[in-house]
Amino acid sequence: MGPLAGALAGQIRNLAEALLASAQPEFLAAIRTGAQARVNQLKAQLSSQIANRLTNQLNRSFSFYDDWFDPAIGLRGRFNLNKAFYLFAESHVGGFGIGSDVAVQVYGALGCQITRCIRAEAGYRYYYDDFRDESANGFLYQLSFHGPQINVALTF
């Protein structure tokens, strides 16, 4: 999707020029007679007309919905440092051009087994997804986010 109103620049310019041309005779008459109040009134009316027309032309919304399925393969591992602390890592790779071109997720954490049923982790996650749909006017969905993450898990 192009920039907002990118294709309307010529239409907007033509609209403003047409409104100015239609108001020109009244402006000239008011200026010749020295009626400054009338000139100010005409300016306000013209400004209001241009604002209303532009609002009607530009006040639009765009939306697009698409669904896709990404197969993924991954690895997950846990390395116990001692009875309470452990290192955890997982990674998934998917897409393969079936849904997304590529989808990647990587997570690494330091965990603590608080009780037999409760554990907590502090780690870092990275996620990237690149989906293109040429049949939908070149729709492109690229997402990349990363940051720290804290997890608390209950096992029952």
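**Val 39 and its setting**

Tutor: With residues up to four places away in sequence left out, Val 39 touches Phe 27, Ala 30 and Ile 31, where contact means heavy atoms within 4.5 Å. The model is predicted: local features need pLDDT of at least 70 and side-chain atom pairs count only at pLDDT 80 or more, whereas totals for chains, interfaces and linings use all residues. Residues are numbered from 1 along each chain as its sequence is written, and side-chain values use heavy atoms, with hydrogens and water left out.

The helix to consider is H2, residues 36-58. Helices (H or I, at least four residues) and strands (E, at least two) are DSSP runs numbered from the N terminus. H2 has 23 residues and reaches 33 Å from its first C-alpha to its last, close to the 33 Å expected at 1.5 Å a residue; the expected span is 1.5 Å times one less than the number of residues. Val 39, Leu 42 and Leu 46 are the buried residues of H2. Here, buried means under 20% relative accessible area, exposed over 50%, and partly exposed in between, for a 1.4 Å probe and protein chains only. An α-helix has 3.6 residues a turn, so residues three or four places apart point the same way. Helix H1 (9-33) is included in what covers the buried residues of H2.

In soluble globular proteins, nonpolar side chains tend to be buried together.

The strands come next. E2 (residues 85-95) and E3 (residues 102-113) run antiparallel and are joined by 11 bridges; two strands pair if DSSP finds at least two bridges between them. They form a hairpin with 6 residues between them, and Phe 96 in the turn has a positive phi of about 55 degrees. Within this pairing, Ala 89 stands opposite Gly 108 of E3. E3 in turn pairs with E4 in the antiparallel sense over 12 bridges, in a hairpin with 4 residues between the two strands. Tyr 107 stands opposite Arg 125 in E4, and Val 104 has Tyr 128 of E4 as its bridge partner. E4 is joined to E5 (residues 139-154) by 16 bridges, and these strands also run antiparallel.

Glu 90 and Arg 76 meet in one of them, at 3.4 Å from N to O. Glu 90 lies in strand E2 and Arg 76 in strand E1 (residues 72-80), so this pair ties together parts 14 residues apart in sequence. Glu 90 counts as buried, at 11% relative accessibility, whereas Arg 76 counts as exposed, at 63%. Glu 90 also meets Arg 125 in a salt bridge of 3.8 Å, N to O. That pair links distant parts of the chain, with Arg 125 in E4 and Glu 90 in E2, 35 residues apart. Both Arg 125 and Glu 90 are buried.

Asp 101 is in the loop between E2 and E3 and Arg 132 in strand E4, 31 residues apart, and the pair links distant parts of the chain. Asp 101 is partly exposed, with a relative accessible area of 37%, and Arg 132 is partly exposed at 40%.

Asp 133, found in strand E4 (residues 118-133), is buried yet has no salt bridge. The nearest side chain of opposite charge is that of Arg 132, 11 Å away; Lys and Arg count as positive and Asp and Glu as negative, with His and the chain ends not counted. Leaving aside neighbours within four places in sequence, Asp 133 is in contact with Asp 66, Gly 138 and Phe 139. Phe 139 is also the bridge partner of Asp 133 in E5.

Terms used
Salt bridge = Lys/Arg side-chain N within 4 Å of Asp/Glu carboxyl O.
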